[in-house]
Amino acid sequence: MERIALHTRLKPGKEAAYERVHATIPDELDEALRAAGVHAWRIWRDGLDLFHLVEVEDYRAMRRALADHPANIPWQARMAGLLDVPDSYAGDDHGLDLVWELP
């Protein structure tokens with residue numbers, strides 16, 4: 001199991017829209033995430049900054065599995081209108097580097 005931390009940033013003025021969209025994600029996206037090995041995905045917001053913690057079997061495999069998934073394509077298009085830098089889903093990222101942890 002991997003724990004991956006991510007940072008994304010909203011476009012100014014998109015905070016409420018982002019939270020509305022995430023209040024309920026589509027069932028087919030939930031199913032696709034779980035099928036791709038995601039056990040949990042949490043997002044915190046501080047102003048425009050979003051901090052994600054993803055618990056997943058294999059992060060890069062998950063990204064590859066979702067890149068062209070029919071449930072993820074419209075979701076990413078929707079997110080592109082809200083995020084400062086849209087996600088490319090290239091699948092070669094590894095999240096933020098862990099600096100310190102209290103085990």
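**Exercises on a predicted model**

Setting aside neighbours within four places in sequence, Asn72 is in contact (heavy atoms within 4.5 Å) with Leu29, Leu66, Ala67 and Tyr89. The model is predicted, so local features need pLDDT of at least 70 and side-chain atom pairs count only at pLDDT 80 or more, while totals for chains, interfaces and linings use all residues. Residues are numbered from 1 along each chain as its sequence is written, and side-chain values use heavy atoms, with hydrogens and water left out.

**Exercise 1.** Work out whether Asn72 is buried or exposed, and what its side chain reaches.

*Solution.* Start with the place: Asn72 belongs to helix H4 (residues 72–80); helices here are DSSP runs of H or I with at least four residues, strands are E runs with at least two, and both are numbered from the N terminus. Next, take the relative accessible area, 2%, which makes Asn72 buried (buried is under 20%, exposed over 50%, partly exposed in between, with a 1.4 Å probe and protein chains only). Finally, follow the side chain of Asn72 to the backbone oxygen of Leu66, at 2.9 Å.

**Exercise 2.** Find the order of the strands in the sheet and say which strands stand at the edges.

*Solution.* First, read the order of the three strands: S1-S3-S2, an open sheet with antiparallel pairing (two strands pair if DSSP finds at least two bridges between them). Then look at the ends: S1 (2–9) and S2 (38–46) each have a single partner strand, so one side of each lacks a neighbour in the sheet.

Terms used
A polar contact is a pair of N or O atoms within 3.5 Å; within protein, one must be able to donate a hydrogen and the other to accept it, and residues adjacent in sequence count only if both atoms are side-chain atoms.
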